[in-house]
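Hello,

My notes on it come after it.

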Amino acid sequence: AYYCPVEQEIFLFPRFMDMENTDIGDFAPMFIVAHEWGHHAQHLADIRRTGADYELQADCLGGVFSRYAEQQGWLERGDVIEGLRLAESIGDDVFAQDTDDPHGTYIERRDAVMRGLLDGLPGCDFPNGGEVRPTHIPTRAAPTPTPTRIAPTSTPIVENVPETRLP
């Protein structure tokens, strides 16, 4: 998945989303969308970070979404762990070691998600700890084999979060 700031659209790879749903759980694809929506929020706030710092902030914003989803009653038991497993599974030290697009280690990614979950937007070092509201992102069918595009839209459920990498 990726966010295109020029078109302000999120691109998703359906096979990847299905694979993560099967391998990790039903919240994994939603967390992917939340991470990419985080990039949209960064774009709207004119944040100019690069590399892993940029990606880790998007992970944190994904954690903020997860916190919001929990407050709305949208999460099921275990969803937060699925989001953390996803973030860890695509850390640079696990997934893409020699990349020109670093996203952070699995520990950095887990910690960024947890900051968003526990501290909300202020934990993400977002400008002024300000309020970010979901905005409409246009959707349209993507040409094959590019991904499809989608419109992004109190205490989080955190149970037994291990200090080490999740299995």
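Predicted model: local features only at pLDDT ≥ 70, side-chain atom pairs only at ≥ 80, totals over all residues.

Disulfide

Searching the whole structure gives one disulfide. Its partners are Cys-60 and Cys-124, with 2.1 Å between their sulfur atoms. The link between Cys-60 and Cys-124 is left-handed, at -85° about the S-S bond. It ties together distant parts of the chain, as the two cysteines are 64 residues apart. Cys-60 belongs to helix α3, which covers residues 51–71, while Cys-124 sits in the loop between α5 (106–119) and β3 (148–150). Cys-60 and Cys-124 are both buried.

Another cysteine, Cys-4, has a relative accessible area of 16%. Buried means under 20%, so Cys-4 counts as buried.

Arg-109

Arg-109 is part of helix α5. Is this residue, Arg-109, buried or exposed? Its relative accessible area is 2%, and with the limit for buried at under 20%, Arg-109 is therefore buried. The side chain of Arg-109 has a polar contact, at 2.6 Å, with the side chain of Asp-59. In sequence, 49 residues separate Arg-109 from Cys-60, yet their C-alpha atoms are 8.2 Å apart in space.

Nonpolar core

In soluble globular proteins, nonpolar side chains tend to be buried together. In this model, the largest nonpolar core contains 33 residues. Leu-12, Leu-61, Leu-84, Leu-86, Val-113 and Phe-126 are the ones with the most contacts inside it. Two or more residues of this core come from each of β2 (9–12), α2 (27–44), α3, α4 (79–89) and α5. The element that gives the most is α2, with eight residues.

Strands β1 and β2

Strand β1, residues 2–4, pairs with β2 in the antiparallel sense, over three bridges. Within this pairing, Tyr-3 of the chain is placed opposite Ile-10 in β2. Four residues lie between the strands of the hairpin, where Gln-8 has a positive phi near 55°.

Strand β2 is covered on both faces. Glu-9 and Phe-11 are on one side, Ile-10 and Leu-12 are on the other, and all of them are buried. Leu-12 is also among the residues with the most contacts inside the largest nonpolar core.

That is what I have on this structure.

Regards

Terms used:
Residues numbered from 1 in each chain as written. Heavy atoms only, no water. Disulfide = S-S within 2.5 Å. Buried < 20%, exposed > 50% of the residue type's maximum accessible area, 1.4 Å probe, protein only. Core = buried A, V, L, I, M, F, W, Y, C linked by side-chain atoms within 4.5 Å. Polar contact = N/O pair within 3.5 Å; in protein donor to acceptor, adjacent residues only side chain to side chain. Pairing = 2+ DSSP bridges.
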